[in-house]
Every structure is written in C-alpha cells, then in structure tokens.
Amino acid sequence: MPELPEVETIKRELAPHLKGEIIREVVIRRKEIVGFPKIQLFKQKVIGKRIKEVERRGKYLILRLSDGSRLIFHLKLSGRLFLIDGEESPKHERIRFLLNQRNLSFVEPRMFGRVFLVEGEVPRVLKGWRELGPEPLSRAFNQSFLREKLRGRKGKIKSLLLDQRIGCGIGNIYADESLFLARINPERTGGSLTQEEIVRLVRAIKKVLRKAIRHKGTTLSDYFRPDGKEGGFQSLLRVKDREGEPCLVCGELIQRIRIGNRSTHLCPRCQR
DNA sequence: CGGGAGTCCTGTGGGC
DNA sequence: TGCCCACAGGACTCCC
C-alpha cells in the first residue's frame with residue numbers, strides 16, 4: 001500500500017522523466033478514475049500542458065502544470081504509476097497520459113484511487129487534503145504538535161496515527177513499525193501517552209519513514225515503482241507481517257490483533 | 001466534536 | 001481442479 005515512503009519514492013523516480021514533458025493526449029479507460037472535474041473538462045484542461053514539478057503531500061502525488069493547475073493522484077491501496085515506452089497497456093490501466101517520449105500509466109485494480117485536476121480552490125471531493133497535518137519529516141511535526149493532538153484523546157494511538165490530520169502520510173505499515181520502535185502498545189489511548197513516550201514516538205516515526213525512503217518503500221504485494229521494480233524495506237520490517245515469528249529484540253512471538261478494523265502487529269513484551 | 005462501525009471495490013488465497 | 005467466500009485496506013459517511 002503506498003504510504004509516505006512509497007509515494008516519495010515514486011515522486012523521486014518520476015521527476016527526472018516527467019519534468020518538462022508536455023501532455024499530448026489523455027486516454028481514459030475507466031471514467032470513475034477521474035475524481036474531478038468531469039472527464040471532458042478534465043481532458044480539455046490537461047492536454048497541452050507542460051509538467052513543471054513533481055511533488056508529494058502526505059500520500060498524494062502532485063504534478064504541477066504550466067498554468068499553475070495541479071494534477072493530484074491518490075493511489076489508495078493498489079494504485080501504481082508506471083512509465084511505459086510503447087503502446088501496450090498494462091492490466092488494470094485506468095488512465096494513460098501520452099507525453100513526448102514515454103507514457104504515464106495509472107494502474108489501479110481495486111478502483112479506490114483517483115486523479116483530480118485542481119485549479120485554485122480544492123474541490124469538496126478532496127476535503128481530506130485541506131485538513132492534512134504537517135509533514136512528519138518536517139520540523140513542524142514535533143513533540144508539542146503531537147502532544148496537542150493527543151491531549152485528552154480516548155481513541156487508540158494506532159488509530160490516531162492513521163488519522164491524516166495527525167499522522168499525515170502514515171498508513172498501516174509505518175504506524176505499526178513506529179509504535180514498535182517507540183515501544184508503545186498500539187491499544188494505548190492517545191491521551192495516556194507520557195511526555196517521554198511522545199518524544200520517543202516522534203523520533204521513531206521520523207526514523208522509520210527516513211529509513212523506508214532510503215530503501216525505496218515496502219513491497220508486500222501491491223506497491224511497485226514506476227519502472228516496475230519492488231521496494232526494499234519489506235525485509236527490514238520488525239513487526240508488520242511477522243505474526244508468530246520471534247521479536248527481533250526480545251524473542252517473544254509477534255502478535256496480530258485488530259484495532260479499528262485494521263490488522264495490527266506488535267510485540268506484547270516490548271510494547272507497553 | 002469524538003469514536004466506532006460500515007462502506008466502497010476487486011484480486012487473492014484458504015478451505016473443501 | 002474449481003468454486004465460494006472471507007479478507008485486505010485509505011478515507012469518507014453515518015450514527016450515537
């Protein structure tokens with residue numbers, strides 16, 4: 001599932017190929033993939049524009065176009081962006097952007113992902129965008145920010161980290177990995193965390209995300225880079241997908257539980 | 001407003 | 001081998 005490190009990797013690997021390219025044509029294979037505006041208008045506004053920058057915000061990937069508008073992608077669970085040379089289109093391709101040299105193909109088997117064209121004001125369908133918290137790798141994401149967000153909260157810390165107003169860009173994999181590194185049990189309520197634990201958690205989140213970016217993301221099943229290759233962080237996971245295997249710190253068996261209808265992995269001895 | 005449950009969608013994999 | 005069904009999950013909606 002593309003989370004912050006995966007989208008950051010995609011951004012870095014797409015940028016050198018997309019910057020300066022002109023979108024010559026758009027082939028829409030499933031109209032629902034375009035979240036905004038309607039497809040006729042979408043095509044009309046995108047065709048002929050030059051891609052000036054490739055950016056990321058949380059789990060969103062952004063192509064900044066020559067007229068100041070933005071193409072905003074959300075890959076959700078199974079979305080992939082591929083750079084393709086020839087005519088052949090991959091299975092489950094939903095939309096394709098024809099450029100000068102290669103083509104950009106948005107593949108999304110499960111049809112949760114969307115692409116939006118945004119000029120100025122962000123449309124209602126992107127309401128989550130406006131409320132995104134600070135980037136976890138920025139200085140604004142610090143202990144005083146997190147303390148403020150967790151104060152008095154009765155929800156479980158795992159669920160709160162998945163709230164994009166708090167853990168912007170964090171998803172199921174990195175929430176579990178960060179809580180393990182911070183030695184905090186995911187079932188603890190947000191408001192129960194001590195100052196010291198909040199400091200540990202902030203540091204753990206930054207450390208895990210940076211390391212995952214260095215290894216080009218985690219491929220468990222659905223995530224692939226624009227050239228089709230896998231990420232490298234899956235072999236470095238400490239709890240995610242390790243149910244029944246020994247904790248690498250204490251040897252206790254890793255457990256899998258459900259929190260907020262999400263599967264959650266933890267070491268019951270290390271995480272208190 | 002907060003928190004929990006339900007919903008969307010489709011491929012995959014376990015069970016028989 | 002083939003069929004069926006549970007399951008996976010980000011973010012939004014709904015309800016209390």
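**View 1. R183, after helix 6, in a predicted model.** R183 follows helix 6 and has a positive phi, near 60 degrees. Helices (H or I, at least four residues) and strands (E, at least two) are DSSP runs, numbered from the N terminus. In this predicted model, local features need pLDDT of at least 70 and side-chain atom pairs pLDDT 80 or more, while totals for chains, interfaces and linings use all residues. Residues are numbered from 1 along each chain as its sequence is written, and side-chain values use heavy atoms, with hydrogens and water left out.

**View 2. Helix 6 (residues 172-181) and its cover.** Nine of the 10 residues in helix 6 are buried (under 20% relative accessible area, 1.4 Å probe, protein chains only). Among them are N172, D176, E177 and F180. The cover includes helix 1, helix 5 (157-162), helix 7 and strand 11 (262-266), with contact meaning heavy atoms within 4.5 Å.

**View 3. Helix 1 (residues 4-18) against helix 7 (residues 195-214).** The two axes, lines fitted to C-alpha atoms over the stretch in contact, come within 9 Å and cross at roughly 40 degrees. L4, P5, E8, T9 and R12 of helix 1 meet L209, A212 and I213 of helix 7.

**View 4. F97 in its surroundings.** Not counting residues up to four places away in sequence, F97 touches I23, E25, V26, F42, V46, L71, F73, R102, N103 and L104.

Technical notes. Chains are lettered from A and ligands numbered from 1 in the order in which they are written. Axes are lines fitted to C-alpha atoms, for helices over the stretch in contact, and angles run from 0 to 180 degrees between N-to-C directions. Buried means under 20% relative accessible area, exposed over 50%, partly exposed in between (1.4 Å probe, protein chains only).
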